[in-house]
Amino acid sequence: MNDIIKKICDKNTFVEIYTNRNDCEKFATGYIVACTDDEFLFHGFDNDNLDDGYFAMRNDAVFSIKRNTIYLQNMLHFIKSEPLQDDLPKGYWMDFDLFGEILSLCKKNNVLITIQLDCDMLSYGWVKSFDADVLEIEEVDSYGLADGVAYFRMEDIILIGFGGIEETRRARLSKEMKR
């Protein structure tokens, strides 16, 4: 799948990405905007054609990619793709730590993230620290309330999401709670 991800990354192609082996009807739609040999950065859109932010994911989580489907062609009539943020990586990068770069940007810009582990556990929060082995976040619950500190082994993280509808909602609630 790595070679296909690299080709799609360089061509700005609108695609369906399938990663949920337990529910093969679920998929993400959007653009692969950057990739390495191990990870890719995806700009997603939801069912209502709304910009749903970005996620970085391990390439080996993808089991199918579709392009040029009727569904995608219909979606393209409605979506409005915002230009990429200037500080986000673009294109193919050899020997690059995409997860580390995304975590650094989110920490620097105080952006709330989603973490998904290979066991399908989801966690939301603010990046406190990370290194090659461990990520530390201040967790935020669905009401925007602080919910402690969590630590994750980097090798177990399959997805890092940011700027999406759910992350934006929780971040706004969290900021309101702090007032």
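The legends below describe the whole chain and then several close-up views of a predicted model.

Residues are numbered from 1 along each chain as its sequence is written. In this predicted model, local features need pLDDT of at least 70 and side-chain atom pairs count only at pLDDT 80 or more, while totals for chains, interfaces and linings use all residues; side-chain values use heavy atoms, with hydrogens and water left out.

Figure 1. Helices (H or I, at least four residues) and strands (E, at least two) are DSSP runs, numbered from the N terminus. Along the principal axes, the C-alpha atoms fill a box of roughly 45 × 35 × 35 Å. Of the 179 residues, 46% count as buried; buried means under 20% relative accessible area, exposed over 50%, and partly exposed in between (1.4 Å probe, protein chains only). Contact means heavy atoms within 4.5 Å. Among contacts between residues at least 6 apart in sequence, 56% join residues at least 24 apart.

Figure 2. An α-helix has 3.6 residues a turn, so residues three or four places apart point the same way. Just after the helix, Asn12 takes a positive phi of about 55 degrees.

**Figure 3. Thr29 in strand S2.** Strand S2 runs over residues 28–35. Thr29 has a relative accessible area of 3%, so it is buried. Leaving out residues up to four places away in sequence, Thr29 touches Phe14, Val15, Glu16, Phe42, His43, Gly44, Phe45, Tyr71, Leu72 and Met75.

**Figure 4. Ser64 in strand S5.** The relative accessibility of Ser64 is 19%, and therefore Ser64 counts as buried. Apart from neighbours within four places in sequence, Ser64 is in contact with Met1, Glu16, Ile17 and Tyr18.

**Figure 5. Helix H3 and the residue after it.** Helix H3 spans residues 98–108. Leu98, Phe99, Gly100, Ile102, Leu103, Leu105 and Cys106 are buried in this helix. Just after H3, Asn110 takes a positive phi of about 55 degrees.

**Figure 6. Ile157 in strand S11.** Strand S11 consists of residues 157–162. Ile157 counts as buried because its relative accessibility is 0%. Not counting residues up to four places away in sequence, Ile157 touches Arg58, Phe99, Ile115, Gln116, Leu117, Leu135 and Phe152. One of these, Phe99, is among the buried residues of helix H3. Ile157 and Cys9 are 148 residues apart along the chain, and their C-alpha atoms are separated by 22 Å.
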